[in-house]
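Keep the viewer open as you read.

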Amino acid sequence: MNTEPAAALRKRRQALLRQLPPLQQILRGSLIERYKRCGKPGCKCADGPGHGPKYYLSVSYPGSRPQMDYVPQEHYEQTTEFIANYHRAREILEAICEINRELLRRREAR
């Protein structure tokens, strides 16, 4: 049971809201790194890991196979950042939900 005063909970909730990343900069999914062999005789990829790395965004939906989208190298850094923002936003939203639940339990939700 949380013994923190309701005012302190509301203050912490406000601080969490300020920490949310810009919502236009979030992306759900995972980055997959792949190496591919081209099949050309004598190509260096035949003996090594393959050409790459090539990156793909994998997004899963219930009841269907994951969807994969190619991520060009020049978008890799931004894509990584947007995925990290998504995970951070989820953590913050979970913390806010816990605060709201505690306030509701105390009948002090506002």
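Three strands form an open sheet in the order β1-β2-β3, with antiparallel pairing. Strands here are DSSP runs of E with at least two residues, helices are runs of H or I with at least four residues, and both are numbered from the N terminus. Two strands pair if DSSP finds at least two bridges between them. At the edges of the sheet are β1 (30–36) and β3, each pairing on one side only. From one strand to the next, the twist averages 40 degrees.

Before going further, please note that this is a predicted model, where local features need pLDDT of at least 70 and side-chain atom pairs count only at pLDDT 80 or more, while totals for chains, interfaces and linings use all residues. Residues are numbered from 1 along each chain as its sequence is written, and side-chain values use heavy atoms, with hydrogens and water left out.

How many bridges join β1 to β2? There are six, and the two strands run antiparallel. Leu31 has Leu57 as its bridge partner in β2. Helix α2 packs on this sheet and touches β1, β2 and β3 (contact means heavy atoms within 4.5 Å). The direction of α2 makes about 145 degrees with that of β1; axes are lines fitted to C-alpha atoms, for helices over the stretch in contact, and angles run from 0 to 180 degrees between N-to-C directions.

Now to the aromatic rings. Rings of Phe, Tyr and Trp (its six-membered ring) pair if their centres lie within 6.5 Å; planes under 30 degrees apart count as stacked, over 60 as edge-to-face and the rest as tilted. By this rule there are two aromatic pairs.

| Pair | Centre to centre | Angle between planes | Type |
|---|---|---|---|
| Tyr55 and Tyr76 | 4.2 Å | 35 degrees | tilted |
| Tyr56 and Tyr70 | 5.6 Å | 65 degrees | edge-to-face |

Tyr55 lies in strand β2 (residues 51–59) and Tyr76 in helix α2 (residues 76–105), so this pair ties together parts that are 21 residues apart in sequence.

Tyr55 is buried at 10%, and Tyr76 is partly exposed at 28%. Tyr56 is buried at 15%, whereas Tyr70 is partly exposed at 45%.

The largest nonpolar core has seven residues: Ala6, Leu9, Leu16, Ile92, Ile96, Ile99 and Leu103. Such a core is a set of buried Ala, Val, Leu, Ile, Met, Phe, Trp, Tyr and Cys residues joined through side-chain atoms within 4.5 Å. Two or more of its residues come from each of α1 (6–19) and α2, with α2 giving the most, four residues. Apart from this core lies another, of five residues, among them Leu57, Val59, Val71 and Ile83.

Finally, the backbone. Most residues other than glycine have a negative phi, and most peptide bonds are trans. Gly52 and Pro53, however, are joined by a cis peptide bond, with omega about 10 degrees, and Pro53 is found in strand β2. Arg107 is not a glycine, yet has a positive phi of about 65 degrees. Arg107 is found in the segment after α2 and is exposed, with a relative accessible area of 71%.

Terms used:
Buried means under 20% relative accessible area, exposed over 50%, partly exposed in between (1.4 Å probe, protein chains only).
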